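Thanks for asking me to look at this one with you. Below are my notes as numbered points, to be read with the model open beside them.

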Amino acid sequence: MKLFDSWKLLPKIKTSITRDVSEVYAREADPISINDYPDALYVMDLTKNIVKTNDKFELLFKGSASFLTEPEKWLPAHEYHEMLRYQERALKGETVHYEIEAIRNDNKRYHFSITNVPLYSGALLTGLYGIVKDLTEQKELAREYNRLKVNQLLTEQIPGLALVEYRIDTAKFFYSEQVPKLFGLPKKTVQQMGRVEFRNLIHEEDRPVFSQNVDRLYQDPSFFEYKSIVRARHTTKGWLRILVQVGKSADQNVITWVMFDLSEQDKMEQDLKREKDKLETLCVVVDTALIEYSLKKDRYQILTPNFSKIFNVPEEQIHQNPTYWKQLVTPEDGPNFLHMMEEVKQGKSIVAFYRIHTKKGLKWIKDTCYPLFDTDGQATGYQSIIKDVTEIKNRQEEIFKLSMMDQVTNMPNREAITETVELLIRQNHPFTLLSICLNRINDINQTFGFKMGDAWRAIATDTILRLLPKEAYLGALFGDDFLVIFPERMTEEQVQNFSQRLLQLSKSPIELQDYVFQPRVSIGVSRYPEDAVTSSDLIRHSGTAKFRAQKREGSHVELYASNMDIEAVRQFELLQDMSKGIENNEFYLVYQPKVDSWTGQVVGAEALMRWTHPTWGEISPGEFIPLAEENCLYIPLTDWLIDEVSRYLKSIDYAIPVSLNVPPKYFMRKEYMNVFTDAIQRHHLPPYKLELEISETTILEDEDFMAEVFTSLNRIGVAVAFDDFGVGYSSLAYLQTYNVQTIKIDRKFATNIHQNKKSQAIVRSILLLAQEFEMSVVIEGIETLDELFMIRELDCKIVQGFLFSRPVPADDMTTLIENGRIDPVEELNDKPNRVSSYINAAITITHVRGQRVDVGTSPILILHQKFQGLGFYSSIRLPVDGTVKLVILLEDGHDSIPISIKRATELANGLYQYEARYTSSPDIAKRFAALRQPKTKGFTELEMYRILNTR
């Protein structure tokens with residue numbers, strides 16, 4: 001049996017070899033068959049010894065087996081290691097193909113393609129054979145083609161750029177299409193040029209240096225490029241200035257000249273200078289004076305007529321007394337003027353503005369001054385372009401005054417009132433800020449237009465002005481927001497007394513054209529220096545207090561308190577982290593069942609969103625949903641809600657609908673319908689299982705648009721329900737306008753309905769209307785059996801509330817559905833822990849995520865204190881995460897006590913109960929004991945709420 005029957009059947013060696021590979025080749029190899037293979041061939045055993053090669057291999061590598069046995073001698077390191085990896089893979093039974101590039105002893109670069117095929121003796125791997133192809137010529141041709149292509153594109157696309165290449169190995173030149181044009185020579189002449197002819201185009205004075213650098217490129221392997229400007233001959237244009245960039249290729253074989261004609265650029269620069277001279281001359285002729293003064297001769301070399309006109313001084317007088325006009329500079333601007341002259345004498349150009357006294361009054365001068373130098377670089381004089389800018393300056397002052405006034409109210413605007421605050425701070429003068437909002441501008445603008453809104457702002461300004469004492473300053477911030485400065489520190493009693501006058505505006509409607517508007521007055525107060533020591537902080541703090549007042553119903557005044565800062569930090573953190581919360585799965589859903597009021601059977605559920613913030617713990621929907629809606633984060637939240645509810649409905653095999661709350665402005669998105677249809681199709685969901693609850697109090701003003709939205713949702717099978725029904729002013733009108741399938745009566749009508757005949761009448765009327773309109777009704781907020789009995793008596797069939805179930809996780813909801821019915825159970829109200837004493841204290845944040853902050857304090861009541869543990873109450877939500885550092889401040893004025901909150905409980909009355917840890921010591925225990933106050937009779941959580949919100 002022969003090793004190779006034919007080179008075409010080479011792979012048969014995998015099954016034909018049965019002995020050691022060297023022995024096989026020694027006894028059975030057919031040298032004729034091996035040599036018939038068209039490429040270089042070699043065989044290697046498991047120890048990487050070459051045991052056989054063919055004639056092509058000997059010819060390609062001149063009999064040197066070091067190509068394979070000692071590749072580190074001729075291969076770069078990365079190619080060498082790459083080759084070893086491929087050989088190892090082949091010796092493990094894998095056929096591999098790779099390419100390598102090497103420089104052999106003749107210093108030429110070669111490119112080889114190698115294929116390694118494992119060699120077997122029976123099932124035993126005994127070595128490999130390799131096929132080597134020489135791709136050097138092909139690669140070189142490809143590189144040459146790419147180089148020529150790039151050169152052609154480069155020279156064709158850049159006008160005036162010419163390229164010459166010289167190959168050292170072939171002694172041949174390549175000229176781009178631009179070379180004949182550059183020198184004005186026929187193309188045929190250029191193609192026949194050699195080194196001598198090309199060099200003779202260079203001016204004889206520039207030729208030696210040019211030739212020296214070219215010769216160095218030939219001879220010095222470390223010299224690769226140089227750049228110079230030479231003169232070259234054009235057959236018709238004469239001598240041209242040519243920028244020449246010469247470089248040598250990495251393989252030392254190609255020298256390239258890139259040439260660019262600078263003649264056109266020189267012409268453009270000369271033309272530009274002439275135009276500049278014309279422009280300067282024109283400026284002098286029109287309204288500018290030009291002077292040139294010699295410091296050595298102490299006289300004017302140039303003095304245009306406009307100089308006398310501007311300074312109202314005869315030219316003869318100026319020549320007689322060259323410094324006379326400088327005496328006209330005002331004393332206020334004199335130092336700046338002298339500084340300008342000194343700068344010019346030191347060789348610096350300068351632009352200065354100064355005022356001069358003339359017979360026609362005060363003038364503003366713009367002086368652009370340039371120094372003049374001698375051949376040694378010393379300043380010998382100066383040249384000035386002088387322009388009368390009085391009119392421009394007067395206009396600027398007028399514009400500045402206008403920029404500091406609100407154009408509608410004719411009162412100082414935010415910038416002007418801020419400057420007044422800063423002035424009082426610089427004077428260290430105690431004062432009080434009142435941030436006032438009448439809360440009507442948005443409604444007026446949207447309903448009657450901005451013209452009516454401006455009229456409202458004007459009349460509101462006059463109304464407030466009439467109530468202010470003479471010493472107070474009033475500024476317009478924006479809309480119907482104003483800032484009042486009292487140049488004295490007002491006590492809390494004085495603030496309350498004056499604010500009552502402003503708050504009375506809410507009880508006195510303001511007439512505007514044919515309408516009457518009743519403002520809702522919100523006032524926030526901050527005082528210098530106790531609340532802040534910078535203008536921005538003081539104005540911000542008064543605004544923070546005003547926002548607190550705006551959150552309360554009706555008209556109110558709030559004095560800034562440092563605990564508002566903690567709430568501001570919390571709001572900022574929540575807003576910043578909300579979008580990341582969706583990505584980090586911090587949001588989740590709970591479900592509250594809807595049940596048959598008689599049987600307790602589960603007939604539906606409402607999906608409610610919850611958020612567990614990594615720092616602040618559980619966040620109430622009443623807090624994060626308004627934040628999301630104010631900052632456009634409601635869109636990703638609602639998208640997530642729709643998908644999550646659809647996912648849950650797919651997971652349960654029960655035909656009950658689940659409702660979810662969607663803000664009306666979500667439907668302003670063009671693709672809102674795609675979100676619903678995509679969720680329904682992706683989760684294979686019957687559309688009737690989805691029901692949208694839209695709050696009746698938040699319906700947008702565009703009734704036609706929302707009616708179309710409801711119709712579109714109904715068209716795809718999604719039901720719509722009015723949430724919080726009965727609270728708004730247009731409830732009955734909405735029933736006529738919109739296609740809705742369900743009415744959810746607001747919980748305020750359910751609370752104590754068994755004792756409230758008005759609530760009973762309202763609910764009875766809604767049920768009657770729903771029956772006429774063929775709508776279903778759900779009443780929410782049922783918490784007691786008495787309320788349930790009354791609802792049954794009114795014949796309301798579906799209820800929702802704590803009496804049957806609080807909101808529960810998805811798994812628990814599924815269990816409730818599987819059980820089929822829920823029995824009503826009243827919850828017992830827990831009484832507050834009764835302890836004998838309490839401690840007044842304050843809490844603050846010192847660090848957030850390692851960064852120190854200064855946010856003021858918030859009051860707390862400490863009721864329980866034991867070794868390294870304490871319990872306290874607060875009216876604000878505090879973080880339970882370790883990234884926020886908290887300290888307690890006792891009223892004894894000693895050091896603060898660092899704490900870490902371990903548990904937070906939100907109570908029903910707006911309070912939060914906390915359990916915290918601290919490092920105990922005898923000294924701290926004594927401080928706690930000294931500050932304890934006995935509880936009075938009737939001390940309840942309500943009393944604690946009052947204490948915390950009045951401190």
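1. Let me start with Arg85, which is partly exposed, its relative accessible area being 48%. Please keep in mind that this is a predicted model. Arg85 makes a salt bridge with Glu82, and their closest N and O atoms are 2.3 Å apart. Glu82 is also in the partly exposed class, at 28% relative accessibility. An α-helix has 3.6 residues a turn, so residues three or four places apart point the same way.

2. The second pair has another setting. Lys546 forms a salt bridge with Asp481, with 2.3 Å between the closest N and O atoms. This pair links distant parts of the chain, 65 residues apart: Lys546 belongs to helix 21 (residues 535-551) and Asp481 to strand 18 (residues 481-486). The cut-off behind both calls is a relative accessible area under 20%.

3. Helix 21 deserves a look of its own. Its buried residues are Ser535, Leu538, Ile539, His541, Ser542, Gly543, Thr544, Ala545, Lys546 and Ala549. The length of helix 21 also checks out: 17 residues at 1.5 Å a residue should span 24 Å, and the end C-alpha atoms are 25 Å apart, which agrees.

4. Lys744 is buried at 0% relative accessibility, and Glu606 is buried at 5%. Which residues are joined with them through shared partners? The network consists of Lys594, Glu606, Glu691, Glu693, Lys744 and Glu780. For context, the search of the whole structure turns up 31 salt bridges.

5. The largest nonpolar core has 108 residues, and the members that touch the most others are Phe667, Leu713 and Phe872. Helix 24 (residues 634-651) supplies the largest share of this core, eight residues. If you centre the view on Leu713, you will find it touching Phe667, Tyr672, Met673, Phe676, Leu692, Val718 and Val720, leaving aside residues up to four places away in sequence. There is also a second, separate core of 32 residues, with Leu438, Ile441, Ala460 and Ile510 among them.

6. Next, an open sheet of five strands, which has the order 7-6-10-9-8 and antiparallel pairing. Its edges are strand 7 (172-175) and strand 8 (225-234), each of which pairs on one side only. From one strand to the next, the twist averages 25°. Within this sheet, strand 9 (residues 238-248) and strand 10 (residues 254-261) run antiparallel and are joined by seven bridges. Helix 11 (residues 207-219) lies across strand 6 (161-167), strand 8, strand 9 and strand 10, and runs at about 135° to strand 8.

7. My last point concerns strand 5 (residues 124-134), where eight of the eleven residues are buried, so that the strand is mostly covered. Which strands pair with strand 5, and in what sense? Strand 1 (residues 40-45) runs antiparallel to strand 5, with six bridges joining them, and Asp45 has Gly127 in strand 5 as its bridge partner. Strand 4 (residues 109-121) pairs with strand 5 over ten bridges, again in the antiparallel sense, and Asn116 stands opposite Gly130. The hairpin of strand 4 and strand 5 has two residues between the strands, and in this hairpin Gly122 takes a positive phi near 65°.

Conventions. Residues are numbered from 1 along each chain as its sequence is written. This is a predicted model: local features need pLDDT of at least 70, side-chain atom pairs count only at pLDDT 80 or more; totals for chains, interfaces and linings use all residues. Side-chain values use heavy atoms; hydrogens and water are left out. A salt bridge is a side-chain nitrogen of Lys or Arg within 4 Å of a carboxyl oxygen of Asp or Glu. Buried means under 20% relative accessible area, exposed over 50%, partly exposed in between (1.4 Å probe, protein chains only). Helices (H or I, at least four residues) and strands (E, at least two) are DSSP runs, numbered from the N terminus. The expected span of a helix is 1.5 Å times one less than its number of residues. A nonpolar core is a set of buried Ala, Val, Leu, Ile, Met, Phe, Trp, Tyr and Cys residues joined through side-chain atoms within 4.5 Å. Contact means heavy atoms within 4.5 Å. Two strands pair if DSSP finds at least two bridges between them. Axes are lines fitted to C-alpha atoms, for helices over the stretch in contact, and angles run from 0 to 180 degrees between N-to-C directions.
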